[in-house]
Amino acid sequence: MRWSRFFLPTLREDPKDAEAISHKLMVRAGLIRRLGSGAYSYLPLGLRVLHKAIAVVREEMNRAGAQELLLPSMQPVELWKATGRYGLLGEVLIRFTDRTGKEVALGPTHEEVVTDVLKEIRSYKQLPVTVYQIQTKFRDEPRPRGGIIRSKEFLMKDAYSFDAQPEGLDRSYQAMEAAYHRIFSRCGIAVLACEADPGMMGGLASREFMAPSEHGEDLVVRCAACGYAANLEAAACQSAVRSPQSTETPKPMEVVKTPGKHTVEHVSTFLRVPPSKLIKTLLYDVHPSSSLGSSPTAQREGRQEHVAILVRGDHEVNEAKAARVVGSPHLKLSTAQTIERVSGAPLGFTGPVKLARVRLLADQAVMRLVNAVTGANQADAHLVNVNPGRDFTPETVADLRVVTQADACPQCGKPLEFVKAIEVGHVFKLGTKYTEALGAVFQDPAGSSKPMIMGCYGIGINRILAAAVEQHHDAQGIVWPVALAPFQVIVTVMEVEKGEALRVGEEVQEALARAGLDVLLDDREQSPGSKLKDADLVGIPVQVVVGKAWQAERRLEVSVRSTKARSTVTREELVEAVRKHLDMAAPRG
Ligand SMILES: [Zn+2]
């Protein structure tokens, strides 16, 4: 490929709307361009990288025994209604009405569709089956960001396993996990395999593959001592159990006036107690449609119920954990009006003592407080010397808060590290949630009918690119891992106008291409300085320069983008030298 004929527009300036380094560099290196909010075009160079990532993913999926298929993006909403996810996804699900008046959704994921298709399986003899596709997904994200890190339209590899037995699901899941480790390693991306919350997928267990990056939108915790890793939503808190019990003697509870003091900070300063001795009471609405979250009566009447979640003043509620304990994916913070109606006091003065008609859930750390402070359920007043168990009794005590820097590893008790990361992959043990809802059943050896047991496994192909750039760049530009590089070698010809150098460049390109290498020939009539800058910016692993060394002694300059190692070789030595550098740069194993 000749750069003079290649649509590869590079930029010297960062795009104004970009924060993430991958976003800046991918625009500047001519890989992507923004079309609209959360929508990016891949230019030819970007598409070459995307195809490289797809090739690695496809090879490893096939190697793991998964079969490729392709499912439609346009999906009847009836399938989504049958599994209850139509309402759950809400505005994220892009919907429209076709010319016959039927409502159609653009697939944000394909559990429903694949289950419907695999329903044709009738017998245990046809199981297990794992299928996958590489296809565009659509999600109307409220806040697209980071260029291609979070966009409304993105390319995913999604795989689905179907098994007859739970042990079969374990095997299918492990095969996918192993394939994921190979994929990210081949792509040069360091990942943490984290415990995760299954969230809207539902199901039994899940693990996220997180690529550490300072622009990652997720926080994960990890323990260097034992290898524990979890995303913030899933990370367990154990410190309350391990911390010593207070030796204070419980005192009689009292009401104190706290005019206008409605935040933890205000109350803490005003009453001179540390935030860790306050009990925060957060009121949530539980959606009436959730199965366990509300009583049968409330469900029948379609009536909304409320739960109060209690955490220490210096802690935050982990809504994912709370939703799991409540058994509802529909937890929503109550409005100020609701709080006033339910508790009898304005926002900021709610407390667990004599809070009627509300289910009380307390974080385990709250239960260890002695003589705590909390809202009095009346305007401008708090209660002091409140003692859990004596003054109020929660219905449930559980781990309901977000892990903090002060917490220890739940497995070994050593300190935890907090790391920002990009989610590049996710594996779930789904169980029978979808197959039951959609009637995907098979006959077992005894002749009885059973729902197939499912797993699902996603990789964000675009995010492979973003994560690779986040982890492999320097001040000059991108440093592509060999497996993802758009070309393996760039041949830069200085002084193109002199003719002879260009002819040598063309011959060198020809020789490298004959040796099976992907070569970009920079034959543009531009200053040597700007061509070298561009070569560094686009990040091709090996650079060959036809320049001064050629003029002086008929030698070619070879440099390695990642190490900046430079040498000169003769034309005869070039192919060998390039191969050696590519081998050295590729990940081992
Ligand atoms: Zn540990």
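Arg 272 is exposed, because 6 other C-beta atoms lie within 10 Å of its own; a residue counts as buried if 20 or more other C-beta atoms lie within 10 Å of its own, as exposed if 12 or fewer do, and as partly exposed in between, with C-beta atoms placed from the backbone. The model is a predicted one, in which local features need pLDDT of at least 70 and side-chain atom pairs count only at pLDDT 80 or more, while totals for chains, interfaces and linings use all residues. Residues are numbered from 1 along each chain as its sequence is written.

**Backbone features**

Arg 272 lies in the loop between helix H8 (264-271) and strand E14 (279-286), where helices (H or I, at least four residues) and strands (E, at least two) are DSSP runs numbered from the N terminus. Its phi is near 55°, a positive value in a residue other than glycine. Asn 385, which is not a glycine either, has a positive phi of about 60°, but this residue lies in strand E19 (residues 381-386) and is partly exposed, with 17 other C-beta atoms within 10 Å. A further backbone feature is the cis peptide bond that joins Leu 127 and Pro 128, with omega about 5°; Pro 128 lies in the loop between helix H5 (111-118) and strand E7 (129-138).

**Domains and a buried loop residue**

The protein is divided into domain 1 (15-236 + 418-469), domain 2 (243-398) and domain 3 (487-585), with bounds that come from an automatic or database domain assignment. Taken over C-alpha atoms, the centres of domain 1 and domain 2 are separated by 36 Å.

Val 403 is found in the loop between strand E20 (396-398) and strand E21 (417-431), and it counts as buried because it has 26 C-beta neighbours inside 10 Å. Not counting residues up to four places away in sequence, Val 403 touches Val 221, Leu 232, Ala 235, Cys 237 and Leu 416, contact being taken as C-beta atoms, placed from the backbone, within 7 Å. Val 403 and Phe 418 are 15 residues apart along the chain, and their C-alpha atoms are separated by 9.9 Å.

**Helix packing**

Two helix pairs are set out below, using axes that are lines fitted to C-alpha atoms over the stretch in contact and angles that run from 0 to 180 degrees between N-to-C directions.

| Helix pair | Axis separation | Crossing angle |
|---|---|---|
| H2 (residues 44-63) and H6 (residues 166-186) | within 9 Å | roughly 155° |
| H14 (residues 500-514) and H17 (residues 574-585) | 10 Å | about 60° |

H14 is therefore oblique to H17, whereas H2 and H6 are roughly antiparallel to each other; angles under 35 degrees count as roughly parallel, over 145 as roughly antiparallel, 65 to 115 as roughly perpendicular and the rest as oblique. H2 passes H6 in a right-handed crossing, and the crossing of H14 and H17 is right-handed.

In the contact of H2 with H6, Val 56, Val 57, Glu 60, Met 61 and Arg 63 of H2 meet Ala 179, Arg 182, Ile 183 and Arg 186 of H6. These residues divide into five nonpolar, no polar and four charged, where Ala, Val, Leu, Ile, Met, Phe, Trp, Tyr, Cys and Pro count as nonpolar, Asp, Glu, Lys and Arg as charged, and the others, Gly among them, as polar. In the other pair, Val 508, Ala 511 and Leu 512 of H14 meet Leu 574, Val 575 and Val 578 of H17, and the residues of this contact divide into six nonpolar, no polar and no charged.

Notes
Left-handed = near helix turned anticlockwise from the far one by under 90°. Contact = placed C-beta atoms within 7 Å.
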